[in-house]
Amino acid sequence: MVQTPTSPENQTLNIELPSSIGLYVTQEQFAALAAVNRDLQLERTAQGELIVNPPTGWETGKRNRSITGQLDRWYEENADLGEAFDSSTGFILPNGANRSPDASWVSKARWDGLTTEQKGTFANICPDFVVELRSSSDRLESLQQKMREYIENGASLGWLINPIQRQVEIYRPGTEVEVLDNPTELSGEDVLPGFVLNLRRVWG
């Protein structure tokens, strides 16, 4: 559904788009849409197709809060290593896509290497570390494609957390995807040294 912004001259219109019809926007149009639709999580593919992600249910919201909270606690103790971000943060990847991981982190060296213009509203960078949490409405194939896109655009470590099957897919550059069945914790490896995600809190 696409909404036009309300003004004295017009009223909000709801447009239902069939899945067979794509809506394509430029970077400038995407930024304008995001500015007037702050309650929606919008993404844009490298080809310019607009993706409107609906609000999550309470279970996904609770799980994402746990993931973000655990990452934030690690970040507070390791703030000199980089910057952490929640699911409301958008990034412009090198391939031109606008993506908003459920949780992410960028190393200090890469973040400090960006100019003020490159940081902008949506930073022109792919995070070093990304997390995508599958909700009941998410197609697994779409999330897997997004994870591969992160790795191809510069991510060093990615977790696709799938509570439905209690599985985690771990993505790293140059290696096969590692699939873990019902793990209790995940290591940030050498990308996020010392970070361990307690999955018992996420599964619960």
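**A walk through a predicted fold**

Hi everyone, let's start with Asn 64: beyond its neighbours within four places in sequence, Asn 64 is in contact with Ser 87, Asp 102 and Leu 133 (contact meaning heavy atoms within 4.5 Å). Before going on, please note that this is a predicted model, in which local features need pLDDT of at least 70 and side-chain atom pairs count only at pLDDT 80 or more, while totals for chains, interfaces and linings use all residues. Residues are numbered from 1 along each chain as its sequence is written, and side-chain values use heavy atoms, with hydrogens and water left out.

Back to Asn 64, which sits in helix H2, residues 58–77. Helices (H or I, at least four residues) and strands (E, at least two) are DSSP runs, numbered from the N terminus. Is Asn 64 buried or exposed? Asn 64 is buried, with a relative accessible area of 13%; buried means under 20%, exposed over 50%, and partly exposed in between, with a 1.4 Å probe and protein chains only.

Another asparagine, Asn 162, belongs to strand S10, residues 157–162. Asn 162 is buried as well, at 3% relative accessibility. Not counting residues up to four places away in sequence, Asn 162 touches Arg 134, Leu 140, Gln 167 and Trp 203.

For contrast, look at Asp 80, in the loop between H2 and strand S5 (82–85). Asp 80 is exposed, with a relative accessible area of 58%. Asp 80 and Lys 108 are 28 residues apart in sequence, and their C-alpha atoms are 7.1 Å apart in space.

Now to the sheet. What is the strand order in the open sheet of six strands? The order is S5-S8-S9-S10-S11-S12, and the pairing is mixed; two strands pair if DSSP finds at least two bridges between them. S5 and strand S12 (178–181) stand at the edges with a single partner strand each, so one side of each has no neighbour in the sheet. From one strand to the next, the twist averages 15°.

Zoom in on strand S9, residues 129–133: five bridges join S9 to S10, and the two run parallel.

H5 touches S9, S10 and strand S11 (167–171), and the direction of H5 makes about 170° with that of S10. For these angles, axes are lines fitted to C-alpha atoms, for helices over the stretch in contact, and angles run from 0 to 180 degrees between N-to-C directions.

On to charges. How many salt bridges does the structure hold? There are nine, a salt bridge being a side-chain nitrogen of Lys or Arg within 4 Å of a carboxyl oxygen of Asp or Glu. Among them is Glu 43 with Arg 99, at 3.6 Å from N to O. Glu 43 is in strand S3 (residues 41–44) and Arg 99 in strand S7 (residues 98–99), so this pair ties together parts that are 56 residues apart in sequence. Both of these residues, Glu 43 and Arg 99, are buried.

Arg 99 also meets Glu 149 in a salt bridge, at 2.7 Å from N to O. Glu 149 lies in helix H5 (residues 140–152) and Arg 99 in S7, so here the parts tied together are 50 residues apart in sequence.

Last topic, the aromatics. The count comes to seven aromatic pairs: rings of Phe, Tyr and Trp (its six-membered ring) pair if their centres lie within 6.5 Å, with planes under 30 degrees apart counted as stacked, over 60 as edge-to-face and the rest as tilted. Phe 30 and Phe 122 form a tilted pair, 5.7 Å centre to centre with 55° between the planes. Phe 30 is in helix H1 (residues 27–36) and Phe 122 in the loop between helix H4 (116–119) and S9, 92 residues apart. Phe 30 is buried at 2% relative accessible area, and Phe 122 is buried at 17%. Finally, Trp 74, Trp 105, Phe 129, Trp 159 and Phe 195 form one aromatic cluster.
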